[in-house]
Amino acid sequence: MADQQSPLVEMRNISVAFGGVHAVEDVTINLFPGEVVGLVGGNGAGKSTLMKVLSGAYSRDAGKILIDGKEVTIENPRDAKALGIETIYQTLALADNVDAAANVFLGRELLTRWNTLDDVAMEAAARQVIGRLNPSFKNFKTPVHSLSGGQRQAVAIGRAIHFNARVLIMDEPTAALGPAETAQVTDLVKKLSDEGIGIFLISHELRDVFDLSDRISVMKNSRLVGTVFKKDVDEDDVLGMIIGGKHPGVPEALTSGAALATEAAATA
Amino acid sequence: MVEATGSSPNTAPATGGAVRRLMRATEVDTRLLGMVGALAILWIGFHIMSDGLFLTPRNLWNLSVQTSSVAIMATGMVLVIVARHIDLSVGSLMAFVGMIMGTVQVNLLPQLVGFDFPLTWVITLLIGMALGAAIGAFQGYIIAYLGIPAFIVTLGGLLVWRGAAWWVASGQTIAPLDSTFRIVGGAPNTSIGATASWIVAALACVGIVLGILGGRRQRRKFNFPLRPIWAEIVLGAIGIAAVLGGVGIANSYGWPKGLVRQYAQANNIPEPDFIATGIAVPVLIALVVAIVMTFLSTRTRFGRYVFAIGGNPEAAELGGIATRWVTLKIFVLMGILVTISASIQTARLNAATNALGTLQELYVIAAAVIGGASFAGGIGTVPGAILGALVMQSLQSGMVLMGIDAPLQNIVIGSVLVLAVGLDTLYRRQSD
């Protein structure tokens, strides 16, 4: 195991304020390839805001972002996507009046050799990627506003995974889903992290977080309470961090690459 | 609206009868079809009530010329409205650009290069286009990058450009215009004539057939279900019949007697009985604009982005679309289209006046909205906007033929606007 392995993503001392309100204050987290980091906290704790900084939707007031150890500029969603950072937003952020294929390729349309939209090729690719998530998906010609919650989710996920993401941000990816679809998403998260994609997972479902994450970062009142290895804690410990802001006293897991590699070797 | 293709095993029971089966198989936009139906009823109604004056080659030819200017601007306005904006400045902008183009060809260029310089019209048009695009970019910049609502910016523009139009020549009318430039205005004797019109028709028919074949080949490449052959043939036949019928009508309208006499005297030939006008130049321009704008809005990234922004601006931005840049481009496009219409109208009047285009913004917006554009954003089509312009102009022309007074004309047009949008809202609520 390469002990000089550097984190895929490092967000250092990030602060975001809206007017006078501090939404995120001095938060530092990181993510390694093939790892799932659960990001949890109460409503308004700042999780989504922090992730929107990474996905380019919000700009930060302080702090820096490093990808592969190099500082990067992320000023808008296009910058983030160019770096391989894909996001599944809680609101899904779909263009409601166009069809599934148009949404999957929104901003990155396939073109024919005359520079016109290659709708047929996009539909073919969309059928493939969405079919992977939801084999019964059929409505490729209808605007997505007329789709069910699960189908819309499949479109949003399909959009995020079609472009060979390196970092995937999933903000409440199963909130709108039934049990069967939730299981599909769970499988997908495991498969993607096996492929080496780093995943930030925001969820209110502690069970999902424990099921999927390697590490868990907890936020409360815009600040980071701490980051812990899943194996060191139980749900009560994490609840204590979320509600009481109380660190359970286990080793801090916001580690350097070397420490994480050792950790991985120890658990292997 | 557009039915799902055969990709899903058709869930609806096959009880709909032949008409519904035809509509499903051809994937025709039922809304657009409804508008064509409404237009047909309107035309037949006016024909009966005007004692057979409406559906004549002469009236239809005039109708096509009168519609072209509003139709051209409506194709841009529909994109403005789809993107959740509005442009109230088009009428005033038309006057300002028209005045500048008038000044350039009447006062400026003759001093520099003399009268009857062959490129006067080209230079004039290029300057006009550049000015229209620049003003569109200016307004678009304020709207997109400074975040001031389009309603306010273009309301300001409505006052500013009308005032500026007066300022260009202190309110004087500029006339007469360059003789070549006047061709875009569309007089019978500068229309393209019978032969060229048939050539245009033939090209259009070839285009329809190639379009259908190309679509089939593309879908077959990916093994997607194809429309039934008979549906393709029906669609193609309707398209070709419409093209041939339209050109046939244009060609059966002859030059007015006075023009024929002048022509015969000028060329020293015996006076012919009939000279076919063919397609008028502004109509030809409008057709080209319609094709280009339909292509832009349905086949290019730009068009896709306009609709995505209209459907959900925030999602479009998060999806990686440079929404502000796209918004700016929409207004640039609108400025260019306004210039085209300004050229047509000044050329038609053979004069540039500072009153040109008064209230045109309302007709243009009405055309786009009657054509199905929704202020909620994300919905609208270019062909719909053109049909909307045709409906508005048909109403006006029909009422003139019936001898209805101008105040009552306005009352009718205003009511029709509200009624059309009301019906559309009902239709959408039902089909959702």
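Is Asn115 of chain A buried or exposed? At 55% relative accessibility, Asn115(A) counts as exposed, where exposed means over 50% relative accessible area, buried means under 20%, and partly exposed lies in between, with a 1.4 Å probe and protein chains only.

Before going on, the ground rules. This is a predicted model, in which local features need pLDDT of at least 70, side-chain atom pairs count only at pLDDT 80 or more, and totals for chains, interfaces and linings use all residues. Residues are numbered from 1 along each chain as its sequence is written, chains are lettered from A and ligands numbered from 1 in the order in which they are written, and side-chain values use heavy atoms, leaving out hydrogens and water.

Back to Asn115(A). Its phi is positive, about 65 degrees, although it is not a glycine. Most residues other than glycine have a negative phi. Asn115(A) lies in the loop between helix H3 (100–104) and helix H4 (119–133) of chain A; helices (H or I, at least four residues) and strands (E, at least two) are DSSP runs, numbered from the N terminus.

Ser222(A) also has a positive phi, about 70 degrees, and is not a glycine. Ser222(A) is in the loop between strand S9 (215–220) and strand S10 (223–229) of chain A. With a relative accessible area of 8%, Ser222(A) is buried.

Next, the strands. S1 (residues 9–18) and S4 (residues 62–67) of chain A run antiparallel and are joined by five bridges; two strands pair if DSSP finds at least two bridges between them. Val9(A) has Ile67(A) in S4(A) as its bridge partner. S4(A) is also joined to S5 (residues 70–72) of chain A, by three bridges, again antiparallel. There, Ile65(A) stands opposite Val72(A). The hairpin of S4(A) and S5(A) has two residues between the strands, and Asp68(A) in this hairpin takes a positive phi near 55 degrees.

Now chain B. A cis peptide bond joins Ala175(B) and Pro176(B), with omega about -10 degrees. Most peptide bonds are trans. Where is Pro176(B) found? Pro176(B) is in the loop between H6 and helix H7 (193–221) of chain B.

Last, Leu155(B). Leu155(B) is placed in helix H6 of chain B, and is partly exposed, with a relative accessible area of 37%.
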